[in-house]
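The sequence and structure come first.

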Amino acid sequence: MRLHSRAAIAASTLAHFAIGLPSRIQEANIIERADQVRDSYDYVIAGGGTAGLTLADRLTEDGKYAIIKASDGRNFPTLATKYNLTSVPQPGMKNRTQDIFIGCAVGGSSTINGMVLVRGTRSEYDGWSELGGPNSTWNWKGIIPYFRKALHFTPPQDDVVKNFNMTWNPDSWGQDPNTKIYATFPNAQSPNIIPMYNALKKMPNMDMPLDGASGDNGLFWHPASLDPKTYFRSYARTGHFDNITRSNFDVLQGYKVKKVLFNGTTATGVQYTLRGGNTPMTVTANREVIISAGTIHTPQILQRSGVGPKALLAQANIPVVVDLPGVGQNFQDHAYITIRYNCKSCIQRSKGAPLGPALTQSGSTNTVVNPNLSAWIGLPTMTDDYETLAAKYEGQDPAAYLPKDSDPTVIAGYAAFQKLHAKLLRTKNANWMWMPVNDPPNFIIPMMHTLSHGTINIDPANPDAEPIVDYRALSNPSDIDVVVEIVKYHRKFMNSSDFQQYEPKETFPGTDVNGAALEDWIRRTYTPTVFHPVGSAAKRPLELGGVVNEELLVHGTQKLRVVDASIMPSSPGANTQSTVYMIAEKVRILILHNRTSQLVCDYLTSSSRLRT
């Protein structure tokens, strides 16, 4: 086959899909047979999810580079789908397993997520730069331009602003006309969230920032990933794939990347197969191979390629290209518990929530995507005992709660994580608890930082099978300590004066469940995921168990990069979709930084800030 005369990118996609989709698909060039694939491309992107689609779109928009996507996901216009994955039994959860909810369609998990658009706090992202080492640009100042670039903000309607006291900071958002991922408020809200709002804002030490997107926590409104015209889901496929017709943007559908090909330690392309097939095919990357397969599958591709812990690779009979102990380590997710209430004198249906005031609204509550209002809370706001908890965690041996065979560099990386998170436990502006405000009240309460780290590894007996996912949930006892404080805070909230007229009664677990009984309840009911997996190919120095450097290039290799949620060194205290979009936007500049300095200036200037 002839090499195309233009520069090209191959994006082999592990694709994923959505709800609320357009009725017909109009997207880049779909290739359904391997014999339609060119021999070589400039860039091969393994992954067609949130990051992979964003990066592919941005790299092809000037016509100088092209993309092909070999997708093992689906491309159906109206069907959301996910991988069929389950964790290994979790001893800390009474040996329960956990379904792993990640999207398997064009657009990745942006097709099936809860559509919440939040960022996390300045303190948490400044922690990324601390873990990255000197001169890191992955701090709040260094990433905020790319948050603005990633999303096109639509302000709420005037009557919604008036009725619900909505505020936002125009300087925190962008309205780039070339950005088609929309951050939008529904055109109406339920009045029944107002009593919850009024009670939360009276809680001690509860801040109410103008806009949480500015890097502060507290009680605030946040938009959803909604198209402002149709109120359908706005996600990676609709924003970075549909309606794009470029000769330099190809998609190979129904194929799965098996491994990266190397000449020494230089990535030269990928090997792929038809999904469910065994016949290997290859495509060459002239510039780079970029893995964007997501937190669960990126370490699998690296390990199958010979990049990972040498002992694991030896068990699987995979030749070692680079001994990189951190691949598949540092796995984190948010977690949640569920608390239930009844009340004796409820005035609102069986759910037992106070009714809100009667309001006149021009829009429809059918456009509501819960939640748009939340409290994001630091440990010092939850409890006066935060110093005791932080000191207890800080005093742990960093190796004590990691896998017994952890490499010294992985232990050193956890020690750095431990130092940072001991500081975040003491920091009011770090999100340890998320309290969504829904109608009816939905007391599913996420914990936004987990101190137990899991692993994602190939099965040595069958490396082509789905990876072995181990959350190692609640293996670190400090996670139990934080969850206990979340339960106590929620009880304090429900006992506040605003709710006394409704006589709320906690039925699950029950106010008499405390001490050892409460810990047992937590272990029986705790869910170790809010479907925000991160960290399995962490951006850290090599000596701290890192997998990628500050430019997300894989340590010890050349022309190999990772761009997805797996590079996050620690979880942001927020739903991760905004952060993944930001990562892809920032890496676009890192990849092209040698072209001209003017490109960077134009790119950031084009991310116009909203003006009122």
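A pocket here is an open set of grid points with protein on both sides within 12 Å along at least five of seven lines, and a residue counts as lining when it has an atom within 4 Å of a point. The model is a predicted one.

**Pocket and cavities**

In these terms, the largest pocket is lined by 40 residues. Nearest its centre lie Asn113, Gly114, Val530, Phe531 and His532. The space in this pocket comes to about 870 Å³. Several elements supply at least two lining residues each: the helices α1 (50-60), α7 (294-304) and α14 (577-591), and the strands β19 (433-436) and β20 (444-447). Of the contributors, α7 gives the most, with four residues. By class, the lining of the largest pocket has 19 nonpolar residues, 20 polar residues and one charged residue.

Over the whole structure, the search finds nine cavities of 30 Å³ or more. The largest cavity has a volume of about 100 Å³. Its lining consists of 13 residues, with Gln329, Asn330, Leu402, Val410 and His453 nearest the centre. This lining divides into five nonpolar residues, seven polar residues and one charged residue.

**Helix contacts**

Two helix pairs are described here. Helix α2 (residues 122-132) and helix α3 (residues 140-150) have axes that come within 9 Å and cross at roughly 115 degrees. α2 is therefore roughly perpendicular to α3. On the α2 side the contact involves Arg122, Tyr125 and Asp126, which meet Trp140, Ile143 and Phe147 of α3. The contact of α2 with α3 has four nonpolar, no polar and two charged residues.

Helix α12 (residues 477-494) packs against helix α13 (residues 515-525) at an angle of about 100 degrees, the axes being 10 Å apart. Angles of 65 to 115 degrees count as roughly perpendicular, and α12 and α13 are therefore roughly perpendicular to each other. α12 makes the contact through Ile480, Val483, Val484 and Val487, and α13 through Leu518, Glu519, Trp521, Ile522 and Arg523. The residues of this contact of α12 with α13 comprise seven nonpolar, no polar and two charged.

**Strand β13 and its partners**

Strand β13 (residues 281-291) pairs with strand β3 (residues 40-46), with strand β12 (residues 266-274) and with strand β24 (residues 560-562). The table sets out these pairings.

| Partner of β13 | Direction | Bridges |
|---|---|---|
| β3 (residues 40-46) | parallel | six bridges |
| β12 (residues 266-274) | antiparallel | four bridges |
| β24 (residues 560-562) | parallel | three bridges |

Tyr43 has Glu288 of β13 as its bridge partner. Val270 is partnered by Val283 in β13. Ile290 stands opposite Arg561 of β24.

How many residues lie between β12 and β13 in their hairpin? There are six, and in the turn Gly276 has a positive phi of about 85 degrees.

Key:
Residues numbered from 1 in each chain as written. Predicted model: local features only at pLDDT ≥ 70, side-chain atom pairs only at ≥ 80, totals over all residues. Heavy atoms only, no water. 1 Å grid on protein atoms, 1.4 Å probe; cavity = no way out; pocket = protein on both sides within 12 Å on 5 of 7 lines; lining within 4 Å. Points joined across faces, edges and corners; volume = space filled by probe spheres on them. Nonpolar A, V, L, I, M, F, W, Y, C, P; charged D, E, K, R; others polar. Axes fitted to C-alpha atoms, helices over the stretch in contact; angles between N-to-C directions. Parallel < 35°, antiparallel > 145°, perpendicular 65-115°, else oblique. Contact = heavy atoms within 4.5 Å. Pairing = 2+ DSSP bridges.
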